[in-house]
Structures are given as C-alpha cells and as structure tokens.
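Here is a short tour of a few features worth a look in the viewer. Keep the structure open as you read.

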Amino acid sequence: MVTKNLVKDVVSEPYKYGFVTDIETEKISKGLNEDTIRLISEKKEEPEYLLNFRLNAFRKWQKMKEPNWADLGYKKIDYQDIIYYSAPKQKEKISSLDEVDPKLLETFDKLGIPLTEQKKLTNVAVDAVFDSVSIATTFKKELAEHGVIFCSISEAVKDHSDLIEKYLGSVVPANDNYFAALNSAVFSDGSFVYIPKGVKCPMDLSSYFRINSGDSGQFERTLIIAEESSSVSYLEGCTAPMFDTNTLHAAVVELIALDDASIKYSTVQNWYAGNEEGVGGIFNFVTKRGKCLGKRSKISWSQVETGSAITWKYPSCLLLGEESVGEFYSVALTNNLQQADTGTKMIHIGPRTKSTIVSKGISAGNSVNSYRGLVKMGSKASGSRNYSQCDSMLIGDQAAANTFPYIQSQQPNSEIEHEASTCRISEDQLFYLQSRGIEFEEAVSMMVSGFCRDVFNQLPMEFAAEADKLLALKLEGSVG
Amino acid sequence: MQSKTRELDPILEVNNLFASIENLPILKGVTISVKPGEIHAIMGRNGCGKSTLSKIIAGHPSYKITKGEIKFIGNDIQSLEPEERAQSGIFLGFQYPIEIPGVSNLEFLRVATNARRKFLNKEELDTFDFEDLVKQKLDLVKMDSAFLSRSINQGFSGGEKKRNEILQMALLEPKIAILDETDSGLDIDALRIVASGIKKISNERTGIILITHYQRLLDEIKPDYVHVMSDGQIIKTGGSDLALELEKHGYEWTDNFIKEQ
C-alpha cells in the first residue's frame, strides 16, 4: 500500500552527522593486554592508584563473560581488533582555544557546538570530547567563580585527585558488568563535574561526544558529584561518522547526590545507526548509574535515544538516602535494523523513597525496541513508591516492541505500579490528519511528538526543542 | 435558487468512476455532479459503496481508481495527495472519526486551519488569534472549550466526535463537504445541533453531499437531489421525494430499479 511505503521513506532520513574529519591522529596499535593499559595510563600521566584501578578491572574483565541476556543479536565483537586510544595530534600542552587545531573547532562548529569565545553557546558550558580526548571546555573560569568544577576527567585526575580517588568506581564498581569492567580498564576521557555545597550551578553543563576514527573504540567516563543542597543540570550529546564497520562505545557514567542535592542528566544520543541493511553503526553498551546517597536527594535521567546500531543501556538509581527520588524518562526510536534494549533500574533501599519511570519506545522499519526495567523494594524501604509507565509505538508492520518489567519487593509496606501500552500509527490515523490538509510528514511527526510529550516535558528547554527536531528529522523525508 | 445555480459550473464532477480495493471492485461506474449551493443526498444499503466513494474523493490511499475521473472545479484531482485536496477545499466528515492519542485537538485544528488558510493566501493564525476564532465556531455546534485541550477524539462520545467533525468543517470552510453518516449514532437533540451547524456553515457557494440511511437528517436539511446507490452504482436519482419513498418502501423497493436497468 502507498502509505506503508511512504512511512518507510519518511523514516529513512539520511544521517546528517556522517562526515569524517581528516586529521592526523595519534593511535596506539590494535589489541588489548596489560601493556595496552599501562600505555594508556602512561600517556595520561596517571597516578599509581589509577593504574591499579585499571589493571584490577582488566583482570576481572578477563574472567567475565559478555552478557547475552538482552534481546539483541550481533556479530561477536573481536576485542583484539580495536584501537583503545586515538587522539588528534596537537601540541603537548594547550593553554587556550587558539592553540586547538582549527579542523577540530570546525568539526564541532559543523555539529552545532561552536567552542570559540566569540561563537560559544551563551547559556550552556560545553566539554567537547573527540575520540579519546577532551578538546576544550567552555566557561571554566566563570564556573570556577561559583566553585563549580567542570573539566575533562583527565584534568580532574591531575588537579582534583582526592575527589577522583574517593568517588571513581564508587557507584559503578570496576567489576559491575562486562562492559563497565572494560571501560574501567581502558577509559580514555570524559567529563568531571563537582558542585560544592549549597551551589545551584548557574548554567547547564554539557558534554558533546564525537567519535571520528573508524577502528577505535570510545570509552569515556563521566563522574558528577553534587554536594549537600546543590543542584545541576547536565546534558550529553553524541554523534559519529558513517563507517561500514561497527564501532564499540562502552561508557560509564556515575552520579552522586548528597543530602538535598539534585542532578538532572539528559542525553540526546544520535550515534550513527548503520545503513538500511544494518551495515555499520555504533555498538552502544553503556552503564549509567546514580547514587542518591543523601536524604531527600534526587537524580533524574532523561534520554532521547535515536542512534546506534545497538543500544544496551539502563540508567539507574540507587535510592539510599531516606525520601530520595529517582526518575527515568526515556524516548527510544529505532528504525531499519536498529536494536535497542534499554530501560532502568530503580533500587529502593532507604525508607520513603520514590521513583518514576516513563518510557516511550518507537519502532519503525525492521527494528526491535525493548524496554527492560527492574524495580526493587529492599527490606528497609518502607513507605516507598514506584510508578512505571511503558508505552510502545509501532510504525509499519515489520517492527517489534517488547516490554520486560522485573519487579522485586521485600517490603510489604511499599507500592509498585506498572502500566504498559502498545499502539500503532495506523493508515487511518494518518489519512484523518491528511484529509484535514496536514502534510503526511507533519502528520507522522505530530503523532510521534504527541506520543513522546510526557518525556519531552522533562527535558531542559533548549534540549526539548532539539529533541523534537531530531525526531522530526529522523521521521521526515524531505527536510535535511 | 436551483434555476440560478444551474448556470454555474460544477464544483465536483464524478464521471463513470470505477474503483477497487485489493483488486475487489467496489465502484462500478458512478456519475454525480454537484454545483455551488446544491445539497445532494446519497442513500443505499450498507456495503453499496457510499463510504468508498467519499474516501476516494478525499484521496484515501487504499483504493485504486481503475476507470473514470474526479474533477474538482474543473481539474482532475487523481494525482493530488489527500492533504492537497483538503487544502483546496474538499472536506470529508468521517463516519467513524478516529482517535489520535497525544495530539492535542486544539493544535490539530490550528495546523489544519492554517494549512487551508495558506492555500487561500490568507495570513496564518497564531495560537491567540486561533483561539478567538475557534471559540466562535464552537458555538455553532454547541461544544465546550474543554474539548480543545483533549487529544483528538480521544474519549469523545459518538455525538461529540460528530460535532468535532462539523467544527472542523466550520474552521476549514470547504467548497465541498461530503458528510458520511454524520447523523448515525446521534440522538434527536444532537442531530438538530449538527444539522443547524451544517446549514449555518454552508452557503450558496458550497456544495454538500450527505451520505445517510435516514430521512430524519433530510427533514432538517432538505436535499435538492437524492441518489440511490446499489452495488457500486447510482441506480436512481430524484428530488427530495425520493427519500420519502425510500423511507416508506425500504431498500427492497430499489431492487426493482436494478431489474429495470
């Protein structure tokens, strides 16, 4: 039928960020062994405790098995065929942006993330990560005036070693899971945020991750610490060029919120998803976890996942502090042969803790989109509550949507609510909108936005508009 | 009035139209011509092709025209997308208006109205101006403004859905409106409201096709022509009396016409 083909055309929007920056890079040779790890650590001039952290993780990783419980199918990853460190060549020490290779600045310009003093975004501080290293962080000085530390994790290792030593691996232990262990062994760069007691971070902080090299993996690590009564909103964006090989991305994100602190972590993930036949694309295996350590602390994850060939990601909250709050708002869009297995874990440990899960999965083409989530009420979590809502939308008749909710309760005095629904954009709904003069593409996009409304409302303003646009782009045939 | 309109060019001409869905023929040579100011009623048994005809005129992609033509203001519209037909002034009031969760009725009405206004080279309306406009139109169908903040047709009663259709017609000011069983599922009061809405919206420049089973809508809106459809064809055309005859004798009576043919 005509409409079905149209839906197919519409969701096959070409990837806009697929260009490669031609830049000289310093790469180490392929393969992974203890020497690789020593080499990475040496290049980054790391203290001994960190080298030991890496080696310890590596030894554990060697004994672990790649998980296969997710609803994903992919060719086995050859971990010896990956380059674990790749950095654009530049001067030894960069003291200002003027010394950054213009090609790099141009790359981020093209991605809509201008970094130079004249052009930088006015209301968001940005840490730009290119392959294995952080290129630049804007507004560092302004933030420092408020006591806020925002820098690359490599810098933090040098300048704030006490905090790194105390918190790194405290939320996601090195042996937490296969991919977290791999990351702990070889992580190259990422962002570090520290918000001191009582400070409301004066602007949104943001990291932009760009994979450029085709044969190297990206293993970034983010650590955010919010001291008592502080708050921060952090945004994360990602893109990669189009290669016909798969690139492994295994990141770890750790958040720590102390008493009355709040962290809002928003992601727009648009890694290259591979082509229509499923060739190429990023394998996105990410461990994100927040620890609500303090009383009345709050961690809120929102994510818009549109890219990657494979997404395996469960941003979670450990609700330790009494009356702490965890939130997870997610939109995951898959198309063609993309596969996503994503969701969250809400682990209620402290009393009167609360969590909310709102997940919206949209599957088009031949893609598979699964929600997988765990809600656990520990024995001390009396008076705790969870509300989960998992909705799936199918576009066309070849896509699949699954929901796997896991519920465990050891506490009779707690409440868990779960709602789920599946719907399909039907030809008749589209025809209804069209028969009122609304263009086909706008009709699809209206229905998808409507479906995602609850989640978009949770995103920071600038991001919400971007997310809406991104979904529209993915769903529009002519624009782009 | 009829003698005057006779001299005008038709808004809609359907000439010897054959159409099928998944190779199953539904329309087998339908001809109908509607001039400005005319009200046509199409009656007939369920499955005779009435709804198919209305959907084909609006451009539903599932149906294939195998022969014949549809002209709107003199131009063949077969190559036009449904949205282009709507923008140029063709309106279909659905028999079963579909629910679209998550999409606000107000926003939908605004986007639709602006698409039509853009076609007419009229200024597009912002949220505030549109709210003013829509509130006037709500009165026509006696709808509460609470309808606007809900999702399209979601949780609407049968009558509310039909009134929402007429509200859309009021906003889009079409040149031709095809109303597919707008009267079905309405109680007497709702029927009066809907009928009076239709009458207020239409004028001497508008053409209307009412698809219905019942005389009671035609009591409210008197048609100039009544067509009886059977097995994909119009088997008899007459004045408003024909509907009364039909009411009296039932559709079995029309079987004779087929035999006559």
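This is a predicted model: local features need pLDDT of at least 70, side-chain atom pairs count only at pLDDT 80 or more; totals for chains, interfaces and linings use all residues.

Look for Asn336(A) in the loop that joins strand E17 (325-334) to strand E18 (339-348) of chain A. Its backbone deserves a glance as well: the phi of Asn336(A) is near 50°, a positive value in a residue other than glycine.

In chain B, Glu173(B) also has a positive phi, of about 40°, although it is not a glycine. Its loop runs between helix H6 (158-172) and strand E9 (176-180) of chain B. Is Glu173(B) buried or partly exposed? Glu173(B) counts as partly exposed, because it has 19 C-beta neighbours inside 10 Å, and 20 or more would be needed for a buried residue.

## A pair of packed helices

Next, turn to helix H2 (residues 34-43) and helix H3 (residues 48-63) of chain A, whose axes come within 10 Å and cross at roughly 155°. H2(A) is therefore roughly antiparallel to H3(A), since angles over 145 degrees fall in that class. The crossing of H2(A) past H3(A) is right-handed.

Which residues make the contact? From H2(A) come Glu34(A), Ile37(A), Arg38(A) and Ser41(A), while H3(A) brings Leu50(A), Leu51(A), Arg54(A), Leu55(A) and Phe58(A). By class, this contact of H2(A) with H3(A) comprises five nonpolar, one polar and three charged residues.

## The largest nonpolar core

The largest nonpolar core has 199 residues. Val193(A), Ala226(A), Ala257(A) and Ile263(A) are the ones that touch the most other members. H10(A) provides the largest share of this core, with ten residues.

Val193(A) is a handy place to start exploring. Leaving aside residues up to four places away in sequence, Val193(A) touches Ile149(A), Phe150(A), Leu205(A), Ile224(A), Ile225(A), Val232(A) and Tyr234(A).

## Where the chains meet

How many residues does each chain give to the contact between chain A and chain B? Chain A contributes 21 residues and chain B contributes 21 residues. On the side of chain A that touches chain B, helix H1 (2-11), helix H9 (427-434) and helix H10 (440-456) each supply at least two residues. That side of chain A is made up of ten nonpolar, six polar and five charged residues.

How values were computed. Residues are numbered from 1 along each chain as its sequence is written. Chains are lettered from A and ligands numbered from 1 in the order in which they are written. Axes are lines fitted to C-alpha atoms, for helices over the stretch in contact, and angles run from 0 to 180 degrees between N-to-C directions. Helices (H or I, at least four residues) and strands (E, at least two) are DSSP runs, numbered from the N terminus. Angles under 35 degrees count as roughly parallel, over 145 as roughly antiparallel, 65 to 115 as roughly perpendicular and the rest as oblique. A crossing is left-handed if the near helix is turned anticlockwise from the far one by less than a right angle, and right-handed if clockwise. Two residues are in contact if their C-beta atoms, placed from the backbone, lie within 7 Å. Ala, Val, Leu, Ile, Met, Phe, Trp, Tyr, Cys and Pro count as nonpolar, Asp, Glu, Lys and Arg as charged, and the others, Gly among them, as polar. A nonpolar core is a set of buried Ala, Val, Leu, Ile, Met, Phe, Trp, Tyr and Cys residues joined through C-beta atoms within 7 Å. A residue is buried if 20 or more other C-beta atoms lie within 10 Å of its own, exposed if 12 or fewer, and partly exposed in between; C-beta atoms are placed from the backbone.
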